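I opened a new notebook page for this structure. My plan is to look things up one at a time and write down what I find.

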Amino acid sequence: MRSANRDRPNHRSTACCIVSIFVILLALFAVPAAANSAEYFVSEDGTVLTANATLINQSTFLLVKPGFLGEEVALPVDNLTIQNESGVVAFTQNGKTVSFPAGNYTLNYSAKIENGLIYLRYAEPYNVSIYLPEKFQTGHLILGTVGNGGVISPSDNSSYGSMVTFEKTTTASLTFYDDVREPLLYIFIGIWGVVFVIAGVRYFRLKRKPIQDF
């Protein structure tokens with residue numbers, strides 16, 4: 001006599017439970033893969049950008065800036081160094097691309113900032129943080145905008161006033177301005193607003209004034 005279905009061992013269900021438990025444990029205890037990251041620090045006078053990037057299994061790094069027509073051109077940098085636990089690593093630079101043997105590195109350089117613009121591009125996704133001194137701001141519709149994906153927040157570094165972060169991005173950009181320009185902008189707009197109001201009132205008065213016959 002065959003046993004009822006409810007009395008038979010359910011091997012499929014048991015196997016599924018074991019696999020599910022294994023997947024959950026793997027997700028809980030697996031070490032997350034390290035990500036490429038880069039930090040940038042704007043100097044107190046807003047003219048120099050200092051970079052500190054952590055490269056994971058990389059063999060290239062891009063140094064670019066917008067050209068006159070918006071195209072990407074090579075970014076001139078100073079004090080470019082690439083190093084690992086063994087020390088400084090030799091590299092070659094061909095225009096916009098810096099090349100070196102594939103591996104894990106720390107990359108540093110400094111570059112001149114023009115017109116408050118910071119533009120960064122990467123061959124692979126990076127987590128990016130850009131630190132601004134207290135006197136500089138960004139995120140204004142007219143004075144200084146932040147590229148797609150950028151999040152402005154108070155700085156986690158006490159030496160800086162604010163920071164802009166981008167997660168897993170291949171492009172990061174922003175334009176910053178000093179804290180004096182914003183009130184000056186509103187004063188300028190206010191003055192022109194008064195001028196337009198006065199001119200508008202005078203125009204309507206002249207339009208309503210009857211023309212006298214001579």
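Predicted model: local features only at pLDDT ≥ 70, side-chain atom pairs only at ≥ 80, totals over all residues.

**Entry 1: Leu49.** I looked up Leu49 and found it in strand 2. Is Leu49 buried or exposed? Its relative accessible area is 6%, and buried means under 20%, so Leu49 is buried. Next I checked what Leu49 touches. Leaving out residues up to four places away in sequence, the list is Tyr40, Phe41, Val42, Tyr109, Ser110, Ala111, Ile113 and Ile118. I also took one C-alpha distance. Leu49 and Lys112 are 63 residues apart along the chain, yet their C-alpha atoms are separated by 6.3 Å.

**Entry 2: the cavity search.** I turned to empty space inside the model. Rolling a probe the size of a water molecule over the atoms shows where such space is left. How many cavities of 30 Å³ or more does the whole structure hold? The search finds 1. The volume of the largest cavity comes to about 40 Å³. I then listed its lining: Tyr40, Phe61, Leu62, Leu63, Val64, Leu75, Tyr109, Tyr119, Leu120, Arg121 and Tyr122. Two elements give two or more residues to this lining, strand 2 (48–62) and strand 9 (117–132). Which element gives the most? Strand 9 does, with 4 residues.

**Entry 3: aromatic pairs.** I counted rings next. The structure holds 8 aromatic pairs. I wrote up two of them.

The pair I took up to begin with joins Phe41 and Tyr131. Their ring centres are 5.0 Å apart and their planes stand at 10 degrees, so I logged the pair as stacked. This pair links distant parts of the chain. Phe41 sits in strand 1 (residues 37–42) and Tyr131 in strand 9, 90 residues apart. Phe41 counts as buried at 17% relative accessibility. Tyr131 counts as buried too, at 3%.

I went on to Phe61 and Tyr126. Here the ring centres are 6.1 Å apart and the planes are at 80 degrees, so the pair is edge-to-face. It also links distant parts of the chain, with Phe61 in strand 2 and Tyr126 in strand 9, 65 residues apart. Phe61 is buried at 3% relative accessibility. Tyr126 is buried at 2%. I recall Phe61 from the lining of the largest cavity.

One more ring note. Phe41, Tyr131 and Tyr160 form one aromatic cluster.

**Entry 4: Ser162.** I looked up Ser162 and placed it in strand 12 (residues 162–175). At 11% relative accessibility, Ser162 counts as buried. What does Ser162 contact beyond its neighbours within four places in sequence? The list is Ile130, Tyr131, Leu132, Phe136, Ser153, Pro154 and Ser155. Tyr131 is on that list, and Tyr131 is also a member of the aromatic cluster.

**Entry 5: Asn36.** I found Asn36 in the loop between helix 1 (11–29) and strand 1. With a relative accessible area of 7%, Asn36 is buried. Where does its side chain reach? It reaches the backbone nitrogen of Ile56, at 2.7 Å. I listed what else Asn36 touches, not counting residues up to four places away in sequence. Among them are Thr54, Leu55, Gln58, Glu124, Pro125 and Asn127. Tyr126, from the edge-to-face pair, is touched by Asn36 as well.

**Entry 6: two positive phi angles.** I checked the backbone for positive phi outside glycine. Asn79 has a phi of about 55 degrees. I found Asn79 in strand 5 (residues 78–84). Is Asn79 buried or exposed? Its relative accessible area is 63%, and exposed means over 50%, so Asn79 is exposed.

Asn115 also has a positive phi, near 55 degrees. I placed Asn115 in the loop between strand 8 (97–112) and strand 9. At 76% relative accessibility, Asn115 counts as exposed.

Key: Residues numbered from 1 in each chain as written. Heavy atoms only, no water. 1 Å grid on protein atoms, 1.4 Å probe; cavity = no way out; pocket = protein on both sides within 12 Å on 5 of 7 lines; lining within 4 Å. Points joined across faces, edges and corners; volume = space filled by probe spheres on them. Phe/Tyr/Trp six-rings, centres within 6.5 Å; stacked < 30°, edge-to-face > 60°. Buried < 20%, exposed > 50% of the residue type's maximum accessible area, 1.4 Å probe, protein only. Contact = heavy atoms within 4.5 Å. Polar contact = N/O pair within 3.5 Å; in protein donor to acceptor, adjacent residues only side chain to side chain.
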